[in-house]
Amino acid sequence: LDVRRDLSSTRQLRQAPVTLRFRLLFGHTMVFAMLVQVAGTLWLVTCISFRIGDVLHDATELKLVAPCIFCLIASHLVIRKMTSQSLFIITVLVGAVAFVLYDEFRPAEPLPRLDGKVALVTGANSGVGFQVAKQLANLGSTVFLACRNRQKCAEAAKEVGHRSVPVQLDLNSMESVNVLVHELFMNLTSRVDIVVNNAGFAGTPGHTAEGIDLHVGAMHVGHWLLTDLVIARNKGGSHNMRVVNVASGTHHLCAVFGMDCLGPEFLESGFQPVMDTKKAFKGTLAALRHELVGGSLHYFQAKLANVLHALHLPKKHPGIQALSVDLGWVSTSIQPWMQLKISPFQLGFMRSASRGADPIVAAAAGPVLLNGGLVDPNRRQWAPFTVEERLGLRTRQEAEELATHLWEVTVRATKRMPST
């Protein structure tokens, strides 16, 4: 009798509609379903917190709407009896997964060949810089990989291929920058067509060999000096030269959180390290804003300077093409927690280094539609500080005045004659 009952139940289950089968099989696993919903919701919240910038960029092209609508219809057809809350969670979860997969593996427009061109990429031994060097070499360019560690640089160059040359560079030292440029033009090349100022880090505050703020000193002043020296030694000068500054969307946070990132006091001090970051926060809820983002002030300062540098370069060097890049959240080794066994990329919270390099390579090889502009993670070029201007936080004129002031202070900090 038991066997007959079991056979009868199995036969009925096979003959039942798909929706009924689903409910018969999983109708009594409510605890499991709730755990899945909780885990899914936590993943979704974390993913959105990391990728909010990506979502906003893609939403302007309506790329997030289609998968969500599809998932809503599919969920409704398959699970008609689910509660509206469960349906909503499943729809958003599947839509988010579809978005992450699409964002990572979307087809990219082919870029022009760079045969005969010479590129210099800083911080090229790992992460995004390595991927940029590799992709530029694949487009036919000869690539100089500039890295602090000579051995790691040589290993990276070997992996990139025969079009790559390792060179040593420590952006914490202006002397190292001078030595590199001298050796570059004395022994290796007469011209550099593309400079990718990529090297970056997010660490504890400190100072460079010259005693200026470590973050601004290495990521802005070091790159500014490198670019200026290359222009001075280049065959043909700055004509048709391309400069790409790898910035970050975090530069927007200076205005959004009301931080005086590159305030008069910091600039007039010649980039002396800010020991008390609270001074950068004024006005309403200053203490709360400092608590939220104060620890990253030094990094934000450097990234804002990268954008301002690219904005002002075409004014100082006619014939040059300059862009800054917001590459979005990319899983690299810039922070220790990004180097765990399960990386943020594997969890879907960030892009891979290969995907993160795409807008940088596009800025280096593709057409420049807006000289001095900002390239977003989807290769689109915007006027810098468009977000701040739309929010009424900073005008275009204020940004240009700040860029001019920053240039003047940087000239003094590097003890160079003013560039023209």
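Which residue in β3 stands opposite cysteine 147? In the predicted model described here, that residue is glutamine 168. Local features were taken only where pLDDT is at least 70, and side-chain atom pairs only at pLDDT 80 or more, whereas totals for chains, interfaces and linings use all residues of this predicted model. Residues are numbered from 1 along each chain as its sequence is written, and side-chain values rest on heavy atoms, with hydrogens and water left out.

The strands belong to an open sheet of eight, arranged in the order β3-β2-β1-β4-β5-β6-β7-β8 with mixed pairing. Strands (E, at least two residues) and helices (H or I, at least four residues) are DSSP runs numbered from the N terminus, and two strands pair if DSSP finds at least two bridges between them. The edges of the sheet are formed by β3 (164-168) and β8 (381-382), each of which pairs on one side only. Strand β2 (residues 142-147) is joined to β3 in the parallel sense over five bridges. Helix α7 (residues 150-160) packs on the sheet and touches β2 and β3, contact meaning heavy atoms within 4.5 Å. The direction of α7 makes about 170° with that of β3; axes are lines fitted to C-alpha atoms, for helices over the stretch in contact, and angles between N-to-C directions run from 0 to 180 degrees. Helix α14 (residues 353-365) also packs on the sheet, where it touches β4 (194-197), β5 (242-246), β6 (321-325) and β7 (374-375). Its direction makes about 160° with that of β5.

Strands β1 and β2 run parallel and are joined by five bridges. Valine 121 has leucine 145 of β2 as its bridge partner, and threonine 122 has alanine 146. In β1 (residues 118-122), five of the five residues are buried, that is, under 20% relative accessible area, with exposed meaning over 50% and partly exposed in between (1.4 Å probe, protein chains only). Val118, Leu120 and Thr122 lie on one side of β1, and Ala119 and Val121 on the other. Strand β2 is largely enclosed by the rest of the structure, because five of its six residues are buried.

Helix α13 (residues 297-316) and helix α16 (residues 396-414) pack at an angle of about 85°, with their axes 9 Å apart. The two helices are therefore roughly perpendicular, a class that covers 65 to 115 degrees, while angles under 35 count as roughly parallel, over 145 as roughly antiparallel and the rest as oblique. Residues in this contact include Leu308 and His312 of α13, and Leu402 and Trp407 of α16.

Valine 293 lies in helix α12 (residues 286-293) and counts as buried because its relative accessibility is 10%. Valine 293 touches Phe257, Met259, Phe281 and Phe300, not counting residues up to four places away in sequence.
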